[in-house]
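Dear colleague,

My notes on what was found in it follow.

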Amino acid sequence: MALDFSRLNVMIVDDNPHMRILIRDILLGFGVKDVVECPDGSEAISELRHRPADIVIADWMMEPLDGLDFTRLIRTANDSPSRFVPIIMLTGHTERHRIVEARDAGVTEFLAKPVTANGLYARLRSVIENPRQFVQSQSFSGPDRRRRTEDVDGPDRRKD
């Protein structure tokens, strides 16, 4: 059963206009009616101050503010316009260390290029149907990095 995306406000942050068009067209095909496009992270932060988004899809490699720094600012800045917004990181760089780096910056989901409609749909569905608790500590701010729910008791339990 398809989800109803008609009430979602989605922001696309990518310096490549062709990629923004592709993502926008896929979103419109899903029924999203409100799509905002920004060419870089700094413009996106400014736009979020005036127009909140329900979900942000941000490319990793952008200038002057890339997707990773954009995510860190959204998650940790005292004047962040939308600290809890789900962020889907879009990139062609899918090495494990990059995925871990994005997760540790506060990214909610990771979407590899080349983008497919099925891949984007799966990430949107995950963000909507399986929202992750937001965690804030001295060293991290973002969605809970643990995907599995395990009851851990004993020496392997994380300290609060």
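Over the ring of which residue does the charged end of Arg 98 sit? The ring is that of Trp 60, and the charged end of Arg 98 sits 5.4 Å from its centre, where a charge counts as over a ring if NZ of Lys or CZ of Arg is within 6 Å of the ring centre and within 35 degrees of the ring normal. The side chain of Arg 98 also meets that of Glu 95 in a salt bridge, at 3.2 Å from N to O, a salt bridge being a side-chain nitrogen of Lys or Arg within 4 Å of a carboxyl oxygen of Asp or Glu.

Before going further, please note that this is a predicted model, in which local features need pLDDT of at least 70 and side-chain atom pairs count only at pLDDT 80 or more, while totals for chains, interfaces and linings use all residues. Residues are numbered from 1 along each chain as its sequence is written, and side-chain values use heavy atoms, with hydrogens and water left out.

As to the fold, the protein has 5 helices and 7 strands, which are DSSP runs numbered from the N terminus (helices H or I, at least four residues; strands E, at least two). Their order from the N terminus on is β-α-β-α-β-α-β-α-β-α-β-β. Of the 160 residues, 43% count as buried, with buried meaning under 20% relative accessible area, exposed over 50% and partly exposed in between (1.4 Å probe, protein chains only).

The largest nonpolar core has 20 residues, and those with the most contacts inside it are Ile 23, Leu 27, Ile 57 and Leu 120; such a core is a set of buried Ala, Val, Leu, Ile, Met, Phe, Trp, Tyr and Cys residues joined through side-chain atoms within 4.5 Å. The elements that give two or more residues to this core are β1 (9-13), α1 (17-30), β3 (55-59), β4 (87-91) and α5 (117-129). Leaving aside neighbours within four places in sequence, Leu 27 is in contact (heavy atoms within 4.5 Å) with residues including Val 10, Val 35, Ile 57 and Leu 124.

There are also 3 aromatic pairs, which are rings of Phe, Tyr and Trp (its six-membered ring) with centres within 6.5 Å, counted as stacked if the planes are under 30 degrees apart, edge-to-face if over 60 and tilted for the rest. Phe 5 and Tyr 121 are edge-to-face, at 5.5 Å centre to centre and 65 degrees between the planes, and they link the segment before β1 with helix α5, 116 residues apart. The rings of Phe 30 and Tyr 121 are edge-to-face as well, because their planes stand at 75 degrees, with the centres 5.4 Å apart. Phe 5, Phe 30 and Tyr 121 form one aromatic cluster.

Returning to charged side chains, the count comes to 11 salt bridges. Asp 59 and Lys 113 form one of them, at 3.2 Å from N to O; Asp 59 lies in strand β3 and Lys 113 in the loop between β5 (109-112) and α5, so the pair ties together parts that are 54 residues apart in sequence. Asp 59 is buried, with a relative accessible area of 5%, whereas Lys 113 is partly exposed at 28%.

With best regards
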